[in-house]
Amino acid sequence: MSVGFVMLCHTALDRAAAVARHWASAGAPVVIHVDTCVPKAEVDAMRASCAAHPGISFSRRFRCEWGTFGLVRATQEAAARMLALHPEVQHVFLTSGSCLPLRPLGELQAYLDRQPQTDFIESVTTAEVGWTMGGLDAERFTLRFPFSWRRHRRLFDAYTRMQRKLGVKRRIPLGLIPHLGSQWWCLSRGTLSAVLNDPNRPIYDRYFRRVWIPDESYFQTLVRLHSTRIESRPLTLSKFDHEGRPHVFYDDHLQLLRRSDCFVARKIWPGADKLYHAFLDTQRPAAAGVEPSPAKIDRLFSKAAERRRLGRPGLYMQSRYPRAGHENGCTAGPYSVFHGFSTLFEHYDAWLSKTLGLRAHGHLFAPERAEFAGGDGVFNGALSDSAALRDYNPRSFLTNLLWNCRGERQCFLTGPADKLDVAAFMAGDANAQISVVTGTWAVPLSREQAEFSAVRRKAARFQRAETELLAVLGSPRVKASVRIWTLVDFVENPMEAIQSIFDEINPRAPHRLAEVPRMADLSGVSDFLQRLRNQGMMPTMVGDYSAIDAMLAAPKEHARPYLVR
Amino acid sequence: MRALERYRLRLRRKRFLWRAFRKRRELSVAADRTGGLRPDAILLFATLRNERVRLPYFLRYYRQLGIDHFIFVDNGSSDGTGDYLAAQDDVSVWHTDKSYRRSRYGQDWLTWLMRKHADGRWALTVDLDEFFVYPFCDTRPIRALTDWLDGLGTRAFPAMVLDMYPRGRIDAQPYQEGKDPFETLQWFDAGNYTISVNATYGNLWIQGGPRARCMFADSPEQAPSLNKVPLVKWRRDYCYVNSTHMLLPRRLNLTYDRSGGETASGCLLHAKFLSVLGEKVSEELHRKQHFADSREYLRYAETLNEDHDLWCKWSEKYVNWRQLEILGLMSKGCWA
């Protein structure tokens, strides 16, 4: 009993030759096919380097362009040669020039001897396979593909579209059920010779000549006619990225490959000296009888594919800059914005920090500077508090802050005096929780000693800013969780309002709020608002302010309705 | 992009190539060893002036990465840079005394040399104070990266400039020839970069870092650009537009993913803030050969004069490329 290797090579022939010599000296025959695009000098050098091994022979050369029938022709020819020259061979293992044996030949031999009639070939029907690229799965078998996908992409696409439009369909030869699978297989002598000597082979060959990527379907389909036992998995460890290109192994994968216990891995970077040195070493200790377990490698590569496809939510950087609507999360984590709270409550940010156990910022978008938690001039990630830097790109400022503090919920205050250009971005962000109390600017303004016309202008400015903010937050495209109260609505029952915000921030909080923020004195606010009105400005953001006096006049417990009972 | 706009960019590229063709006469060969280069050699291109102190480490670093051949334009060095380079086996040097500014800050000269020598090869274009870091650079040589990019059919690889700085005054620890500059320049800013899209060229415009934070806080729009595309599988009709910040044809600048994913990218660790900066600044201010009337150098001079510290308590200490990857400054893409 013996295994023979068929090797398809087109680059890095020195590496391929080293692997072939490794197998040959262990006693396995090798048939090498070299693509016709390789210059003669290189092939001659390869032949010379293998000359000392009678077990290595070379088969007739074909042009093996990716996705064409040439690869199948080369395989057929080399496999036939293997069967003819080496009658002792019971299994033929198809490999490429960039494959590397990970376990000694004896182990593979023993593994195959335990299951002598089994064919190891991934072979699944098109309906079940989810990994084909470009949306061509069933159509591979029913359309014609005379043009190279790599070299004449436009022709390829146009011809495919035309066939779809015309409704042209090829007839699949009778008895064939199209199957797909990895190109790399290990077939038993019986099955392989039955496939190669099938009386209908000319019909099948003619059909597969125009199938797209026949090397992934020719043997995979035909073994179903002849095999008695198919193990639908390849013995070659070979992973593909999201665009169907094979992942490459490098020196730093050494331990990972060792622990995978696979027999052969593909594809190895030709410069990976350490890998070639380690795995072609015949003194290597054997791990007898272990089943291949490529799960760890699978995980590594699927994580990489996910990183490439989805990226890290909330990250904007040199190689990830999603256009609007494709962000997969506008920001790195949830955050809370409190608008108008700082003028209604004293030291609201400090109270927030204490109650929620986090670092709450002051007015991040204040006109003078970004008021980071703790009053620092720089914050996580060396983010500067300079207003000019912030206002140069407020969106970057916010997304940077949230990225730098990922894992830690950010809370910050805003007010009508702040620069709120970033509000539209926040409104469209599902991570944002925006709580707005409008009209609280009336509280500090009512106590301002300046000339009333100046105060009135200020009030008008604030009111305009809040009107704009409400317009932004009222847009149908809002994804943020938005709560809006007028001053009067809010002070009627502030604790319930704050509790609802906090419940959303931390739904599993063990107990309700115990300590309350100190509310500013509201006496005089309604007089002030009436005066504004008398002067010709309509305060629309406050609510029915006459209710304030009624609340203040109410008995003691009603005067402080925000106390938890 | 409208056809007219595309045509305008094409004309601009042709003009740059024409400029390079005319400026070829300003170059005289000092050592040309490009004759025996293999067709797949990986080349490094740089313009330099009086960088003798920085050279030994620079060459060592890039030889270790696997650069096959260095091509330099020596712009009137007087400190022995030219002789030192001419004596290296894997270096070709051209010499010129002509104006750096009028050669588009050295780009015209390099465009000519790249047109002649880099066609069909991978070319890395950097400054003498930029050190290329890419995913797995500690275990895989640069050829592993270029082979992988070839497999993807990607021709341009982006790397953002990451300004590295010391803790304390810039001139506190004198730099010695041959030493790793990042023994002193251990710190960088991790997360204060602003990004916008340059509609004309399609590239991302990245600003920020310690220079924006400390020197341009009052005029952020003038802060230096940090986006670069230093590694390109060159073709003779390519050209850089503005330093290596962007290229023509325009499609080469689309190195980022726009649908939420991440493509692979690297960083250029920027060893500008070494003790040798002081001499450089006074010289460059005198020569006035740099971009925007050497605006940057004016700021450096101010910074050097004031007892200034770029370091702050949120500065990040450099460890390796994996750290930069985790911080989101660069990405592995689907390379694993």
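A salt bridge here is a side-chain nitrogen of Lys or Arg within 4 Å of a carboxyl oxygen of Asp or Glu. By that rule, the whole structure holds 46 salt bridges over all chains.

Before you start: this is a predicted model, in which local features need pLDDT of at least 70 and side-chain atom pairs count only at pLDDT 80 or more, while totals for chains, interfaces and linings use all residues. Residues are numbered from 1 along each chain as its sequence is written, chains are lettered from A and ligands numbered from 1 in the order in which they are written, and side-chain values use heavy atoms, with hydrogens and water left out.

**Stop 1: chain A by domain**

Colour residues 2-310 of chain A as domain 1 and 335-559 as domain 2. These bounds come from an automatic or database domain assignment. The two domain centres, taken over C-alpha atoms, are 64 Å apart.

**Stop 2: where A meets B**

Show both chains. Contact (heavy atoms within 4.5 Å) involves 47 residues of chain A and 60 residues of chain B. The buried area is about 4,200 Å², and carbon and sulfur atoms give 54% of it. Buried area is the accessible area (1.4 Å probe) that two parts lose on being put together, summed over both. Select A:Gln318, A:Tyr321 and A:Tyr392: they supply 20% of the area that chain A buries against chain B, more than any other three residues.

Now pick A:Arg308 and B:Asp257. They form a salt bridge, with the closest N and O atoms 2.7 Å apart. The interface of chain A and chain B has six salt bridges.

Which element gives the largest share of the side of chain A that touches chain B? Select H12(A), which provides seven residues. Helix H12 spans 295-310. Helices (H or I, at least four residues) and strands (E, at least two) are DSSP runs, numbered from the N terminus.

**Stop 3: a buried pair in chain A**

Go to A:Glu216 and A:Arg140. Their salt bridge has its closest N and O atoms 3.5 Å apart. A:Glu216 sits in the loop between H8 and H9 of chain A and A:Arg140 in helix H5 (residues 139-142), so the pair ties together parts 76 residues apart in sequence. Both residues are buried. Buried means under 20% relative accessible area, exposed over 50%, partly exposed in between (1.4 Å probe, protein chains only).

Stay in that loop, between helix H8 (201-208) and helix H9 (218-226), and find A:Ile213. Its phi is near 50°, a positive value in a residue other than glycine. A:Ile213 is buried, with a relative accessible area of 5%.

**Stop 4**

Select A:Arg266 and A:Lys267. The peptide bond from the former to the latter is cis, with omega near -5°. A:Lys267 lies in the loop between strand E12 (264-266) and helix H11 (273-279) of chain A.

Switch to chain B. The bond from B:Leu248 to B:Pro249 is cis, with omega near 5°. Look for B:Pro249 in the loop between strand E14 (246-248) and strand E15 (266-270).

**Stop 5**

Select B:Arg8 and B:Glu5, a salt bridge with its closest N and O atoms 3.4 Å apart. Both lie in helix H1 (residues 3-23), three residues apart, about one turn of the helix. B:Arg8 is partly exposed at 42% relative accessible area, and B:Glu5 is partly exposed at 22%.

Finish at B:Asp127 and B:Lys228, whose side chains meet in a salt bridge (3.8 Å, N to O). The two residues are 101 residues apart, and each lies in a loop. B:Asp127 is partly exposed at 33%, whereas B:Lys228 is buried at 7%.
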